[in-house]
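Subject: Structure for your files

Dear colleague,

Here is the structure I said I would pass on. Please look it over before reading my notes.

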Amino acid sequence: MSSAEALQTLADRYWDFRREEFPIEAVHTDTPPSSNDLFREAPEDYERRSRWAADMLVEFDALDLAGLTRAQRATHGLMRDELAAMVEIVACRGHLRPSIYPLGPDFTLGYWASSTNLNSLDDADRYLARLGHIPAALEGVRRSLILGVEQGFRYPKLVVERANGIARAQAGRAADDSQFLAPLSRLSARGAAFADLVARGRN
């Protein structure tokens, strides 16, 4: 196998791994994740990724770069940096201090919802199923935060106040004004076949 072919094989494996471990990155691609998870941010998720990435780095470092084009070497370097970051964030316990403001889980989920376009009932069913996984996704973040606090990590007071304010504002918003309901509302306007989607989303 040539170096270019070996790199492509590693890249394919990396994407298969990444689309399952960071599903929100892949939901709008031609190869969506197999599950309805949106993100996996519990301590064991980071630790699992770190172990996998460490093993993958051995294969990346064994690749002969001399046989690659400039673009392929850049691809190799980019993927290697991302794998190394997965190892390093656990090594320095950065995963126990996840971002909560301004780019916290609420921002990530809001971005996903606002960028979602539904074109069929199947799309709507999958979207509703993913909405049902939001509590589990947030629970993983909560567990990472709690473990971090137990180990002595703290956030600036202003960051906590802003994050808390956003969470309260979103929780107090009427269901019909929710950004998570918007994709269903747009699809339901197309005709009677989609009329019950908003009601299903509220539930």
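This is a predicted model: local features need pLDDT of at least 70, side-chain atom pairs count only at pLDDT 80 or more; totals for chains, interfaces and linings use all residues.

Overall

The protein chain contains nine helices and zero strands. In sequence order the pattern is α-α-α-α-α-α-α-α-α. The chain has 203 residues, and 37% of them count as buried. Its accessible surface is about 11,500 Å², with 55% of that belonging to carbon and sulfur atoms. Among contacts with a separation of 6 or more, 72% are between residues 24 or more positions apart.

Helices H1 and H3

Helix H1 covers residues 3-21 and helix H3 covers residues 70-91; they pack at an angle of about 40 degrees, and their axes are 11 Å apart. The crossing of H1 past H3 is left-handed. On the H1 side the contact is made by Ala-4, Leu-7, Ala-11, Tyr-14, Phe-17 and Arg-18, and on the H3 side by Gln-72, His-76, Met-79, Glu-82, Leu-83 and Met-86. By type, the residues of this H1 and H3 contact are eight nonpolar, two polar and two charged.

Helices H2 and H6

Helix H2 (residues 43-61) packs against helix H6 (residues 134-150) at an angle of about 90 degrees, with 8 Å between their axes. Angles of 65 to 115 degrees count as roughly perpendicular, which makes H2 roughly perpendicular to H6. From H2, the residues involved are Pro-43, Glu-44 and Tyr-46; they meet Gly-140, Arg-143, Ser-144 and Leu-147 of H6. The residues of this contact of H2 with H6 comprise three nonpolar, two polar and two charged.

Asp-177

Asp-177 sits in the loop that runs between helix H7 (157-171) and helix H8 (182-188). Is Asp-177 buried or exposed? Its relative accessible area is 54%, and exposed means over 50%, so Asp-177 is exposed. Asp-177 and Ala-71 are 106 residues apart along the chain, and their C-alpha atoms are separated by 45 Å.

Regards

Conventions: Residues are numbered from 1 along each chain as its sequence is written. Side-chain values use heavy atoms; hydrogens and water are left out. Axes are lines fitted to C-alpha atoms, for helices over the stretch in contact, and angles run from 0 to 180 degrees between N-to-C directions. Helices (H or I, at least four residues) and strands (E, at least two) are DSSP runs, numbered from the N terminus. Angles under 35 degrees count as roughly parallel, over 145 as roughly antiparallel, 65 to 115 as roughly perpendicular and the rest as oblique. Contact means heavy atoms within 4.5 Å. Ala, Val, Leu, Ile, Met, Phe, Trp, Tyr, Cys and Pro count as nonpolar, Asp, Glu, Lys and Arg as charged, and the others, Gly among them, as polar. Buried means under 20% relative accessible area, exposed over 50%, partly exposed in between (1.4 Å probe, protein chains only). Accessible areas come from the Shrake-Rupley method with a 1.4 Å probe; for residues, only the protein chains shown count as cover. A crossing is left-handed if the near helix is turned anticlockwise from the far one by less than a right angle, and right-handed if clockwise.
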